[in-house]
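Have the model open while you read.

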Amino acid sequence: MTLSLLETLNSISTSLAILAHQIRAEALAGLGSRNKVAEHVLLPVLRRMYNAPGLANTNALAANFPGIDLYDSSSGLGVQVTSEVTAGKITQTIETLVAGSFPLTRLVFALAANTVPRYRTETRAKWRISTKGRFTFDPKADVLAFDDLLTRIQHLPMADISAIDAELQALVRGTHQIHLVPHLQNQVKAQLAEEQRIARYIPNVFVETQDTKYQARCFAHPTLFIQRIAAWFNRQPLAGLNRLATMSGVPTVSMPSTEALVAADTLERAVAAAQAFMKDIENLDMMLTPYSEIGRSGGAAIPRDTARAHVLNETQYYIEMTAEGTKYRLRNRSTELRCVTARVFLLTGPAGQGKTNFLCDFTERFLLRHNIPCAYITARQISRFPYSDLNDVVRQLIFPSAVTTLEEGLTTLAAPCAERQQPFVLVIDGLNEHPDVRTFAGQLEHFLETLVRYPYIRVLMTCRSEFLEQRFGTLLSGPLAPILHLSKAHGQRFDQEQHRELVARYFRFFKVRPSRVARRVIDFLQRDVLLLRFFCEAYGARGRNSQYKQPVVAGIYRDEIFRRYVEDKLGRAEHSVVSDRSMPRPLVHRVELRRVLSLVAAHMLDAGQYANVSRTVVAAALDAELTALLDEELVLRHDLGPAPSLLAEPNEVLSFTFDEMRDFLLAQHLLDVHARNPGEFARLVALQQPTHTQGVEGMQRFLFYASRIPTNRSFFESYRTHSWYGAVYDTEVFAVPPMYLDAEDRQIVEAVLTSGDARAQHFAREIALRWETSVFPILNLEMLLTVARHADQSFFSDVLVPTFGHASYGQNTLGEEFCRFVETRVLPEFAPNEEHPYDPIFRLLLLLLPIGANPTLDSPAVTVFRQLIAGHPAYALGLLQEALHDGLRWHRAFVWRLLSVAVASIPDPAPFIVLAHADATSDRSDTLIRRESERFITCVSAERTL
């Protein structure tokens with residue numbers, strides 16, 4: 001058999017498989033048009049197979065032939081083409097033909113199916129008898145399926161085989177087939193680009209667990225992943241358990257055969273094999289249960305070899321652990337097989353879990369990469385169509401205009417799906433984002449019931465978990481439940497390196513320049529992914545014009561971040577309506593968008609309740625603006641509120657998407673109220689009760705930030721004496737951009753530092769982190785150094801030691817972290833000059849020399865300063881000499897110890913010797929200072945001798 005013949009036969013096989021797939025799909029969907037196509041397609045094949053050139057469709061003949069689809073008058077051959085493969089269909093056809101009178105000599109059944117069912121011997125004998133000799137009918141030879149056709153075609157002349165191939169390609173895969181896959185790929189790519197444009201999809205940022213990804217892959221590509229599941233079982237997962245069993249004198253556990261899984265090379269076979277193998281896994285799990293309890297009463301049923309009892313006593317714990325671990329892994333494989341058989345995959349979870357990002361990432365990196373036919377739509381898009389025929393809405397969203405009905409498009413997709421042995425996956429994101437969730441839920445259920453009639457169609461959806469039970473609960477308990485797989489979103493835990501990479505990817509996507517962001521800010525963003533999103537949208541260049549220049553960001557200034565973010569979101573909401581290509585929508589403007597937010601905020605403040613505002617608060621005239629804000633769900637979202645009674649439906653309510661965003665917007669509303677009516681401002685503030693601590697605290701913070709903005713100076717003058725202002729001053733003054741601070745803030749902080757109480761420790765900790773005087777001109781490390789320089793000994797014990805030397809259990813002290821920062825980040829890039837920005841850091845390092853010291857005067861700060869002496873002796877000696885002249889006593893002994901270490905690098909020790917003699921003889925010096933100053937003098941003498 002030549003290679004060309006093999007290729008031709010493979011092509012014929014593919015055409016027949018596609019035809020069978022289409023016929024079965026339409027039969028399940030309740031359609032019959034493809035049966036007529038089968039007659040048309042098989043006609044030229046049967047003519048050549050039976051050498052019956054006169055074989056024709058009976059509808060084209062003058063006479064009426066009940067029970068016959070194709071007939072050749074010259075030979076009397078009659079052919080019934082049917083997708084119904086039951087024995088009853090054949091019996092009924094024979095009885096109809098026997099009762100007729102037309103000249104039929106031979107009857108053939110052409111089944112539009114891959115294989116002929118196994119009919120009972122008694123049934124076949126009955127068929128022969130029932131013909132009553134009117135015509136010949138051999139059930140073994142005259143009932144043909146597509147595999148029989150292919151077998152007989154092989155024995156035809158090559159010219160006939162090639163002709164059949166050409167005819168099948170033209171009829172099955174040719175002009176009648178609208179090539180939808182390229183169109184769908186373009187639709188998906190365009191939708192993913194739109195999701196990126198509105199920043200709902202951030203490529204390469206993925207926080208879902210590996211289990212969820214693998215389940216979705218099994219669902220979307222069953223024929224590939226069922227092979228991987230089979231490969232897992234073929235690696236003998238019971239081998240370890242059976243070795244222990246053999247050693248211990250108990251029976252081994254047999255593995256079910258994976259032959260059906262391995263042979264599942266079509267979508268239908270994969271589903272059938274998965275269903276059968278899940279039962280095998282269930283039986284295997286039951287067999288393993290006694291082994292997981294072999295040392296307890298549950299394992300008593302397992303036979304035991306008494307001669308090996310001593311071994312079992314040693315191994316029973318390991319047998320139990322191995323069996324339990326295997327049972328756990330079997331549950332994972334069973335879940336994956338359920339995904340293979342499922343027709344609907346529903347991913348659910350609370351807001352902010354990254355469901356949309358997962359869906360986009362999965363579509364782009366898996367569905368498109370594996371050329372799986374797919375389409376991507378969102379409930380937001382569906383909601384923009386004013387009519388309720390969901391079938392037609394989806395048709396318009398995914399198919400070209402040449403496809404006039406959804407059924408036509410789905411039927412046409414059978415060909416590429418059968419050729420690839422892959423399903424068509426319809427992706428629907430954010431079911432809960434449809435504004436009319438109640439109505440949409442009913443439409444969706446009927447829509448899905450239509451889709452699942454087609455065996456090669458699968459639907460991948462996401463929905464917020466709080467909406468799932470209340471609005472889409474029938475999906476979980478209705479007729480779709482047996483074929484629906486529910487997966488709950490679980491964000492994976494990142495280690496420190498992954499968090500750094502996450503920040504880097506966000507920066508790349510939003511075009512944030514890391515060089516213009518302080519390192520402390522980046523470190524902070526690694527710990528708060530939500531704030532990272534706000535930050536990137538506030539400062540990134542993505543979506544901005546080419547003239548935009550990112551500012552230098554030295555700190556986390558929430559007021560500025562949220563102000564920029566909200567302005568950007570309102571602009572995007574306004575722009576998205578203008579640029580929406582799906583259908584005309586009412587234009588919205590930023591003023592009306594702000595009015596919606598103001599109405600929600602006003603209701604929250606009046607009611608003293610910071611969530612679940614009835615949707616009716618927003619007037620119907622603002623419905624377009626409300627819809628625009630809800631579209632992206634990054635400022636405002638709609639939820640299900642508590643039902644007014646046990647039997648009543650829950651109401652749809654509005655909330656701000658994130659608590660901090662809510663607090664910012666409430667504060668902005670109060671600021672606007674104060675500008676119009678200070679009395680109303682005072683009334684609203686008085687309404688806020690302490691029971692709502694979180695909301696009140698948040699408003700206090702954001703009102704404090706707003707009061708420090710120069711343009712709000714009049715508000716500041718009245719608000720600075722308010723109790724809310726003082727309540728957050730200590731914690732929030734450092735969250736204000738440095739340019740908004742003034743000399744009064746410096747005076748307040750200096751006064752607190754000199755008091756030596758807990759507030760002083762808090763301020764010392766905060767300003768120690770602000771060592772860059774060019775960035776922080778008012779509150780900075782230099783202030784702490786100045787206060788320390790003029791303070792007495794108690795400043796060290798009351799402020800520095802508690803601030804830098806105390807830590808919670810299991811954590812490093814601030815002093816240790818500071819020394820690590822100097823050692824790993826400062827020293828490697830340090831190059832002394834006349835005015836170096838790191839000068840305050842090394843001066844603080846000197847103040848911390850005694851903290852954490854041992855009896856030999858070693859401490860973390862001493863260790864780091866020795867490295868400075870080794871690398872930059874002249875600079876270090878200058879700092880040590882400056883420390884001796886400042887008059888402070890708590891670190892003086894440590895300074896002398898370091899000078900003793902650096903004595904070889906001192907070019908002129910005379911000034912140091914004078915100071916050392918003074919300390920050695922001074923009444924102010926304690927024993928430690930005298931000892932170390934004398935040690936220095938001794939070291940100088942020894943160095944001179946050398």
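**Pockets and cysteines**

1. Helix 1 supplies the largest share of the lining of the second largest pocket, nine residues. Helices here are DSSP runs of H or I with at least four residues, numbered from the N terminus. A pocket is an open set of points on a 1 Å grid over the protein atoms alone, where a 1.4 Å probe fits, with protein on both sides within 12 Å along at least five of seven lines; lining residues have an atom within 4 Å of a point.

2. Before going on: this is a predicted model, with local features needing pLDDT of at least 70, side-chain atom pairs counting only at pLDDT 80 or more, and totals for chains, interfaces and linings using all residues. Numbering runs from 1 along each chain as its sequence is written, and side-chain values use heavy atoms, leaving out hydrogens and water.

3. The second largest pocket holds about 1,000 Å³, a volume being the space filled by probe spheres set on the points, which are joined across faces, edges and corners. Of its 33 lining residues, A20, H21, N114, T266 and E268 are the closest to the centre.

4. The largest pocket holds about 1,700 Å³. Its lining has 44 residues, with R519, R520, V521, D523 and L769 nearest the centre. Helix 38 gives the most, eight residues.

5. Don't look for disulfides (cysteine sulfur pairs within 2.5 Å): the whole structure has zero. The sulfur of C218 has its closest cysteine sulfur in C339, 6.1 Å away and too far for a bond.

How values were computed: Helices (H or I, at least four residues) and strands (E, at least two) are DSSP runs, numbered from the N terminus.
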